[in-house]
Amino acid sequence: MQRFELHAPYSPCGDQPQAISSLVDGINDGYRTQVLLGVTSSGKTFTMANVIQQVQRPALVIAHNKTLAAQLCNEFREFFPKNRVEFFVSYYDYYQPEAYLPRTDTYIEKDLSINDEIDKLRHSATSSLCERRDVIVVASVSCIYGLGAPTEYYKMALSLRPGMQIERDVLLRNLVDRQYKRSDIDFVRSTFRVRGDVVEIFPSSNSEVTIRVEFWGDTIDCITENDLVTGKKLSTLDHVVIFPASHYVIDSDIKEQALNQISNDMHSQVDYFAERDKLIEAQRIRERVCYDMEMIREVGYCSGIENYSRYFDGRQPGQAPYTLLDFFPDDFITFIDESHMTIPQIRGMYNGDKSRKTNLVDYGFRLPSAYDNRPLTYYEFDDRLGQIVCVSATPAKYELEQASNVAEQLIRPTGLLDPIVEVRPIKGQIDDILGETDKVVAEGGRVLITTLTKKMAESLTEFLRGQDKKVKYMHSDIDTLERIEIVNGLRNGDFDILVGINLLREGLDLPEVKLIVILDADKEGFLRSETSLIQTIGRAARNSEGRVIMYADTITDSMDRAIKETARRRQIQDDYNKANSIVPKTIVKPIKNTLEITHKVNENVNNMSFNDIIKEIERLKGLMNVASSTLDFEKAIKLREDIATLKKMLKD
């Protein structure tokens, strides 16, 4: 059995060892929910990796957006280079869901663009979970959406071995049943081609390697793994499993039974509309479902087949859909990263989906079975999890109430302290800000200013420009790539002050920032809650001279709790530093785009075997597509160049 092997150039330090030990003991003692309360830059990902390595169980890591998930995936891939670290996010580059607007009688057809590489990574994740236990899947909240039944997916997996008795044409029919397409010219993922007694298969979970099956009569003579580009044999296989090209694959026996059920429900729905004199809706649902059934019968699928998934999964009306969670073994561990953001996001998915489906069903565009193609409710999600570790610098009340153990990780490996927080009156705040920013800029530092409204941010930016300050404004209309350029411009010194609203909290890593200004700190609400204030304060924790100034006329309960919690953490950190003779040092971090992946291409490259080069190309190609899907084009270009270098070595 494969084991998790953690590789890192450093060992746990500070209070990481006690946090790791506490979480591992909690898992071994059977605690259902634990919390890792880790401050910004305390190495929470490294702690999670150590926990996984010690308990040796499959893990699911959930993040609240694709960018954070990609960053976590790349970090875990560096920690576990010999194990399977998979990436599972929504595979849509663009998605316009099917909808109907009764007020204007407007039907919006589903429109989408699927990212083929992310689809490959999703198949790679589910196939890895079937084949081995040393698997970490980093996923966005898309993991709670329907995916098809794992039992059917694995039952339809095609197992091939040398010496196996099977006719070539039977193998071809089996591939078609698994939604592979024959393509002798355009040989792409999820296709196969035939050359005499040789069948070449391009698996759905790969993009570099093909499987060649050679026949001798009605017997499989040889199975090899081959490079897609060069056609060279990489290895001879004693066994290979070809997983279906779709997670919604349908067994032929189940198909007919399901189609009969769909037909019966269609007639019931037609009668329902006819009894209420809704003749247009009755005709609409009859035409739609008859067309879909004919497509499923002839080619195995139809547009919107997921709306019929209940029939093929064998579920009852209202029963929760199968999701990625059902592909995991029973003993998997779940880490919910930034749980204060991720859990509320999961809670909100179900109701939004249901409200859209209601119009489609009520007006005859879909059968009621469409309701069962949905995300999980939060309670269904929670019921499918085993042991959970919620990870956050600011865990919410819900996580803390559920937790049997809270492991604090307050000591940073750099020795940096949480910043000093001051509260100053609103009267004269603009003049005060000018004086403070002048001092910080003169020392070579940068300033973040967060406001409550877009208008205030724009007005303040214009005023500061009028005072000859180098300032920029970052708002919600700016796309991801431009945000990265703005952040890098601040770090480079192209400008000194960055003004924003709620964009200055999770995920902004700016060690040059010496001062954070929070305007209207006493206006209670989402942007000035205890959680938001602590997250904003944490942006100043990368610099040894970091400070935070809150402008307020009163100290709200949220302000009071945030200030006291920051002071408590700072005291613990300071005591540790004094006891261990540690001098806090500002983080020195190169300026780059969001994702950073250790380059291994040029290290010992001349000693790599042919197979090692192929595997390295596959690894880098996966990382390149992750980077491009999160708009980190600079990193994607670098990885593409590394891949080209390795491919040239293959040809040489």
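Reader: Which residue in β24 does Arg446 stand opposite?

Author: This is a predicted model. Pairing is read from bridges, and two strands count as paired if at least two bridges are found between them. Here Arg446 stands opposite Val513 in β24. The strands concerned are β21 (residues 446–450) and β24, which pair in the parallel sense over five bridges.

Reader: How many bridges join β24 to strand β25?

Author: Four bridges join β24 to β25 (residues 547–551), and these strands run parallel. Within this pairing, Leu515 has Arg547 in β25 as its bridge partner. Together with helix α16 (residues 530–537), β24 and β25 make a right-handed β-α-β unit.

Reader: Are the residues of β24 buried or exposed?

Author: A residue is called buried under 20% relative accessible area. For β24 (residues 513–518), six of its six residues are buried.

Reader: In what order do the seven strands of the open sheet lie?

Author: The order is β3-β8-β2-β17-β18-β1-β19, with parallel pairing. Because β3 (84–88) and β19 (405–409) each have a single partner strand, one side of each is left without a neighbour in the sheet. From one strand to the next, the twist averages 20°. Inside this sheet, four bridges join β2 (residues 59–62) to β17 (residues 333–337), and Ile62 has Ile336 as its bridge partner in β17.

Reader: Which strands does helix α1 touch?

Author: Helix α1 (residues 16–28) packs on the sheet and touches β1, β17, β18 and β19. The direction of helix α1 makes about 165° with that of β19. Helix α4 (residues 116–131) also packs on the sheet, touching β3 and β8.

Conventions
Residues numbered from 1 in each chain as written. Predicted model: local features only at pLDDT ≥ 70, side-chain atom pairs only at ≥ 80, totals over all residues. Heavy atoms only, no water. Helix = DSSP H or I, 4+ residues; strand = E, 2+ residues; numbered from the N terminus. Axes fitted to C-alpha atoms, helices over the stretch in contact; angles between N-to-C directions. Contact = heavy atoms within 4.5 Å. Buried < 20%, exposed > 50% of the residue type's maximum accessible area, 1.4 Å probe, protein only. Right-handed = clockwise from strand over helix to strand, strands pointing away.
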